[in-house]
Every structure is written in structure tokens, then in C-alpha cells.
Amino acid sequence: MIELATLVLMLGGTLGFGAAVLSVLRIRGGLPPGESHAWSFAVGFGLLGWLVGGLGFMDGLTPWALGLLLAIGLPALWLLRDMPALPRPEPWGWVLLGVLAVVMGMDLIEALAPPSDADTLAYHFAMPKLYLEAGGIFLVPRAIDGVAPLLSQMTYIPALALGGERALTLWTMTGNWATAALLFTISRRFIGFNWSLGATLVYLTVPAVIYGGGSGQVEVRNALYVLLGAFSVGLALRTGLLRYAVLAGIMAGFFAGAKYLGLIFVLSCGLTLMAQRRWFVQGLAFSIAAVIAGSGWYVWLWSHTGDPVFPMLFTALGLPDGPYWSSTFDAFFREKTFSLESPLGHGIWAYISYPFVATLDAPPVLEARRTGFGPFGWLILPFAMAGIWGAREKLRSSPLAGLTLVSFLFFTIWFFTTPIQRVRFLLPLLPGLILCMSVAAVKFSDQTKAAMKPLAAAFALTIAFQVAGDALFTKNPAQYLLTGESRNDYLERTVTRFAPVAWLNKNLGPGDKVLHTIRQYNYLLDVPYFFANFSAQKVVDLSPARLDPRRFLRQIKARGITHLLFSPNSNTPLGFYIKTLKDAGCLKIVHRFDNVAVFPSRTLRTGARQTESVNLYKLTAVDCVKLLPTAIRPSPEP
């Protein structure tokens, strides 16, 4: 029951925080009850992350402080005392509500199983767990996932502190539903109940949302900021009211505080607000709000590393080599991290063709074949285009025009300025895209009755296809719940290379520290560890430019490392170091594991598994430094 109590407390505090902000801005009173609740959660979610981050910067992450913080938001729930009226759907509406109940049931099943997504285990859940154990936020000088802005992940900390892992997974489920609720309530401004519910179901069952919605990945949660922020830009343009520019700035700032890509969203919203005669006043209000909401993580990073977007500006700022980064390592990092992330290139033709390629024939690195955006956009595109053409005289007066322009600018700036072209990074734009296309298509069908049934068929086919995929995805967690399978057994068949984790948690103690290179261990390990990412950190330098076993030994001892977990046959710098230290008597083998390195399909369990042998080494007390070679040897390619 502690998990449910924690979820209720977090939901109440988040809604209260958001309602208070919207009341101060004099926005809440103009919203119908259902929309007021959805907007309040979106604003409150970002504010909760902002406040928890502030506690973390002050080393105040204790259960008591986090519980008190959530309790402060509860009195503002009085502002949301007016509940939305229950809908009276037509027959097809009841069918859609039934499908929604099934989808939400599958989401709940997933939330009741242990987390197993690699990114979630690597840092989305791992970083909050580390901060909570330390009682505050500290520097993890690892590029991309160690020092990135983590405002959305900060909301995970109260759930984990007060209710444990299950409260955490239930909270991520709630954030996914909140995005769907925001999409539904905004849709109701423009189209009927059934169409709005259909658009919401399309969103909830999109493969990318199924994959990321129940995990710790933040794109679905960041969609709250993008949808409400971009829509507020549209309202600011249409009404001229300053309050909407301020709200847009708050939401854009939250996105910037949650991910580096949020900086592009801030720029996109700001440029859109320039397209009016009130550009200066609204732009100034927007900018101030965005800076207040989103600058905290960047100031903190700058104060610790000299680079507010560490390590992206290391070369541009001319920073000196230091313990966390160097010019040589920066070149190595960029080569290994970004060399394969832009398979389409950055030319005009690649820009124009990206939506087609990413949907119809995506290279594997785009991650769109199994976790893309589904067929909906293509199925309703003719109807949406016809609707846009028919309403072309009224487009400028619609708040959806501002939302569309913000999304277009975001995609354009993202494509030409960032080296990573993965489709899921565009997921925060998806609810707005579904909203705009659905409204345009439905408006056309209202005027052209012959289009009604084909459009309904496009919705129905998309939902049926995607719900079937959702059912397959739910198969593993359902088996976990129905068979009484243990947590370790479930993780062993769903997480690659899991075998050593249970042994390490049982046999190592707080005085030990294990170096590993398997990112999904970070959250699962309950003992101290050091994640030795070879290309994203140089504290323990594993780059191939310079091999120095004595330096390596000094570095791991300085980090308090007592054990090393690695494959004995790996032809990498770390493999070389381990072999060299073992031959010199610095290391001894403690345990051997057989790992499942590759699951061809976790869901369908098809194909042959690939296994590997892994050794756990322990540093000996032998003074072996003199036995280590001093020569710097060329390294094999990792």
C-alpha cells in the first residue's frame, strides 16, 4: 500500500503546484475543469522537478524533506475542486472507452513489473538512485548521461524515496497518461469527444510511446512541456495576452532543464513569438520565464566544469585539459559517439526526405522500425492536407498555427544542428502533430461527408494495429505477474548480461567497488560501482591513444575500485589492462559468469541467444607496480 499512498501524494502535490502557478498567471479560471486538471499536472510536473533539483543542489534529498515538499502542494488542490462532468458518449464512444480501458490495463501491467529498458537502467533511474543514496546532486563527469540536465528525472526521486521501485514505475505510467490527458483535453476545443478520444488512443499506442511510456525515458514526459508550451505560444499570438507568453516560457524552460534538446525548443518558441507586433514585450516575458525555469542545471554544470553543456563546448570555450576532460579525449569522444549517428547526412534532400525515410525505410540507428511513430500520419495525410487547404483563410487566427510553426522550427533546427538523428528524440513533438493533423482531417470530414467513413477507418486501422503491438509488448510483464516469477528471474530473461548482478549484490559489500562496462547494471547494482564508459569519461581513461598500465592502476585506486568485471577475451584497452595487471599479480579471478549477451527478441523469444564468458577480478594487496610495463603501446580498436 505504500506504493499507492506515495502515488496519491505525488499526484496531489503535482496537481496542487500546477494549479497554484496557473492561478497566479490568471489562466486556470478560464479553463474548463478537465482541461484545468491536465494543464495543472503538466505545469506541476515540471515545477516538482525544479523544486526537487533545488533540494538536490543543497544536499537536501531526504525522505522527510521530499515528503514535506509534496505536502506543500496539497492545499492548492482546493483550486481544482470543480470536477469535470462525466461524458455521455455515443455508441462508438463507449467502444473507444473500452479500448482505452484495455490500453490502460496493459500500461498498468507493465508498470507492475521491474524496469528492464536499457536506457532507463543506465541513467534515467540510475542517476536519481545515486543522488538519493548520496543525499544530494553530485558531479558524475560522464558525457551524455552523467551530467545532462535531469529536471524530469528529478520527479522520480520522491517516488523512489517514499515508495520504492514500484512507486517509481507507477509514477512513470502516470506521466504517460498525463500527456494523453493533455492531448485529449486540448483536442476537445476543436473536435468532438469521439475524435478526440481516437486521437488520444492513437498516441497512447504509437510504438515509440509503448516502448518509452512505461519506462524512465523522458521523451514522453517532455511531451507535456512541448504540447502545452507550443500551444501557449499559439494562444499568446492569437490573444496578445502576456500570461500565455509567460506560461510558454515556463514550459520551454522546463524542457531545457530536462534535456539539451530543450534549448532548441526555447529558440523555436522565441522565434515564433517574434512573428507579431507585440514581439518585444512577449519575447522579454517569455525569455525571463524560460531562464528562471530552465537555467539551474546549466549554471550548476558551468560552476563545476566550466562548460554549461559539458562537454559539448569544451573546444569552443578553449577550456584547459583537466581531470574530467581533455582536447585529445574530446576528439576521441566525438569520433566514437557521433560518427554513426547521422546516417542520412544533413543536406537539403536529407531534410526533406527524413519523414519518409524514418517512417518507411529507416536505417537501424534511427530506431524507427520497432519504436517509430506508426502509420497514422500517412493514413490521414490526404484528409489533413485537404482540411488545411479548406481552412487556409482562418489558419492565422488558430492557436494551432503557432504550435505548428514551433514544431516546424524545432525539427528544422534539430536536423541541421544536432549529430543524432534518432526518431525518438522527436517524440515530444508527436502529440502536437497528432492534434494538428486530426483537427484538420476532422474539419474536412465535417464539410465533406464522403470523407467521414474513410477517415474513421484510418483511425480504426491504426488503433487496431497498434493495440495488437501493445499486447505483444505486454506479454513479458504479464507472464511475470501471472506466474509469480521472482524479480531476478524476470530480469535475467529480459535484461542482457544480467547474470553477475544478483551475485554481486549478494557477495560484495559497501566497502567494495566494482568497475564495469555494462550500462544497464547502473540501476540494478546495489553495491558501489564505477561505470567505465570507454568513450564518454576519462576519469579512468580507456581511450586507445595511450596505453599506460601504471596510470590505469593509479586511476582505479584513486576511485576506490576493488573489483573489475570484464570479458577475458575482449580485444580492447580495458582487456589489455586487465591482462597486464593479472600477469603482474595485481589481479586475481574471484568468479566466472556465463552471460546472455544478445536476445534476438525478448517479446517473441525467437532466434538463438548469444552467450559470453565474464570474469570478476579483485585487486590484490601485492605491490606490483614495478612489474608493470612502462612503455606506451598502440591500442587495438575498441
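Student: What makes the length of helix α2 (residues 33-57) close to the one expected for a helix?

Tutor: Helix α2 has 25 residues and reaches 36 Å from its first C-alpha to its last. The expected span is 1.5 Å times one less than the number of residues, and for α2 that expectation is 36 Å. Helices (H or I, at least four residues) and strands (E, at least two) are DSSP runs, numbered from the N terminus. The model is predicted, so local features need pLDDT of at least 70 and side-chain atom pairs pLDDT 80 or more, whereas totals for chains, interfaces and linings use all residues. Residues are numbered from 1 along each chain as its sequence is written, and side-chain values use heavy atoms, without hydrogens or water.

Student: Why is α2 called largely enclosed by the rest of the structure?

Tutor: Of its 25 residues, 19 are buried, so α2 is largely enclosed. Buried means under 20% relative accessible area, exposed over 50%, and partly exposed in between (1.4 Å probe, protein chains only).

Student: Why does Trp 50 count as partly exposed?

Tutor: Trp 50 is placed in helix α2. Its relative accessibility is 36%, so it falls in the partly exposed class. Trp 50 also belongs to a nonpolar patch on the surface, with members including Leu 242, Trp 279 and Ile 292 and about 1,100 Å² of accessible area together. Patch residues have over 30% relative accessible area and no salt bridge; like charges are joined within 9 Å, and nonpolar side chains (Val, Leu, Ile, Met, Phe, Trp, Tyr) within 5 Å. The areas come from the Shrake-Rupley method with a 1.4 Å probe, and for residues only the protein chains shown count as cover.

Student: Which helix gives the most to the nonpolar patch?

Tutor: Helix α14 does, with six residues.

Student: What makes Arg 189 and Glu 35 a salt bridge?

Tutor: A salt bridge requires a side-chain nitrogen of Lys or Arg within 4 Å of a carboxyl oxygen of Asp or Glu. The closest N and O atoms of Arg 189 and Glu 35 are 2.7 Å apart. The pair links distant parts of the chain, 154 residues apart: Arg 189 is in the loop between α8 and α9 (193-204), and Glu 35 is in helix α2. Glu 35 has a relative accessible area of 4% and is therefore buried, while Arg 189, at 36%, counts as partly exposed.

Student: How many salt bridges does this rule give?

Tutor: The count comes to 13. One of them joins Lys 129 and Asp 526 at 2.8 Å, N to O. Lys 129 lies in helix α6 (residues 126-134) and Asp 526 in the loop between α25 (521-524) and β2 (529-531), so parts 397 residues apart in sequence are tied together. Lys 129, at 12% relative accessibility, counts as buried, whereas Asp 526, at 55%, counts as exposed.

Student: How do you know that Asp 583 and Lys 579 are separated by about one helical turn?

Tutor: They are four residues apart in helix α27 (residues 573-583), which means about one helical turn.

Student: What makes a set of residues a nonpolar core?

Tutor: Its members are buried Ala, Val, Leu, Ile, Met, Phe, Trp, Tyr and Cys residues joined through side-chain atoms within 4.5 Å. The largest such core has 185 residues, and Trp 39 and Trp 414 have the most contacts inside it. Its largest share, 14 residues, comes from helix α8 (residues 156-187).
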